[in-house]
Amino acid sequence: RAWQEASNTRPTFVFSSAGATLGAGHEADWVTHDDTISDATRAAPHTTYGTTKACAELLLADYSRRSFIDGRGVRLPSVIVRAGAPNAATTSCFSSVVREPLSG
């Protein structure tokens with residue numbers, strides 16, 4: 001904190017979050033397939049993974065609001081393609097988009 005006050009700057013922090021913060025595609029989800037996602041869209045995760053990402057987003061927003069950091073959160077789709085057969089993971093469909101054409 002003393003360093004921040006002395007330097008009058010804030011470190012920039014970029015957090016890679018995930019769409020899992022919005023739900024898992026269940027009919028009871030707050031966000032439906034027809035909704036437009038914006039910065040004001042409420043997080044309503046259904047998994048432990050989504051919950052931890054949502055908590056980190058809240059901390060990032062609070063630390064930015066309090067001027068501890070210059071925080072940016074980005075909700076990314078799946079960035080790693082899972083090898084092997086499709087599974088029940090929420091992002092499995094994204095892996096298939098890459099995996100299927102590669103396997104012919």
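Which side chains meet in a salt bridge with R65, and what is the distance from N to O? The legends below answer this and describe further close-up views. The model is predicted, so local features need pLDDT of at least 70 and side-chain atom pairs count only at pLDDT 80 or more, while totals for chains, interfaces and linings use all residues. Residues are numbered from 1 along each chain as its sequence is written, and side-chain values use heavy atoms, with hydrogens and water left out.

**Figure 1. Overview of the chain.** The chain contains 3 helices and 2 strands, arranged along the sequence in the pattern α-β-α-β-α. Helices (H or I, at least four residues) and strands (E, at least two) are DSSP runs numbered from the N terminus. Of the 104 residues, 24% are buried. A residue is called buried under 20% relative accessible area, exposed over 50%, and partly exposed in between, with a 1.4 Å probe and protein chains only. The accessible surface of the chain is about 7600 Å², and 59% of this surface belongs to carbon and sulfur atoms. Such areas come from the Shrake-Rupley method with a 1.4 Å probe; for residues, only the protein chains shown count as cover. Among contacts with a separation of 6 or more, 51% join residues 24 or more positions apart. Contact here means heavy atoms within 4.5 Å.

**Figure 2. The salt bridge of R65 and D62.** The side chain of D62 meets that of R65 in a salt bridge, at 2.6 Å from N to O. The term denotes a side-chain nitrogen of Lys or Arg within 4 Å of a carboxyl oxygen of Asp or Glu. Side chains of opposite charge can pair when their charged atoms come close. R65 and D62 are separated by about one helical turn, because they stand 3 residues apart in helix α2. R65 is exposed, at 61% relative accessible area, whereas D62 is partly exposed, at 23%. A network of salt bridges links D62, R65 and R66.

**Figure 3. Salt bridges that involve strand β2.** A search of the whole structure finds 4 salt bridges. In one of them, E57 is joined to R75, and the closest N and O atoms are 2.7 Å apart. This pair links distant parts of the chain, for E57 belongs to helix α2 and R75 to strand β2, 18 residues apart. E57 counts as buried because its relative accessibility is 18%, while R75, at 31%, counts as partly exposed. A further salt bridge joins D70 to R72, with 2.9 Å between the closest N and O atoms. Here D70 is buried, at 18% relative accessibility, and R72 is partly exposed, at 45%.

Figure 4. The whole structure holds 1 aromatic pair. The ring centres of Y63 and F68 are 5.7 Å apart and the ring planes stand at 65°, so the pair is edge-to-face. Rings of Phe, Tyr and Trp (its six-membered ring) pair if their centres lie within 6.5 Å; planes under 30 degrees apart count as stacked, over 60 as edge-to-face and the rest as tilted. Both residues are partly exposed: Y63 at 37% relative accessible area and F68 at 24%. S67 lies in the loop between α2 (48–65) and β2 (70–76). Although S67 is not a glycine, S67 has a positive phi of about 65°. Most residues other than glycine have a negative phi. At 34% relative accessibility, S67 is partly exposed.

Figure 5. S64 is placed in helix α2 and counts as buried, at 18% relative accessibility. Leaving aside residues up to four places away in sequence, S64 touches R10, I69, D70 and G71. A44 is found in the loop between β1 and α2 and is buried, with a relative accessible area of 17%. Under the exclusion of residues up to four places away in sequence, A44 touches T21, L22, G23 and W30. The C-alpha atoms of A44 and L22 are 5.1 Å apart, although 22 residues separate them along the chain.

Figure 6. V14 belongs to strand β1 (residues 12–18) and is exposed, with a relative accessible area of 56%.
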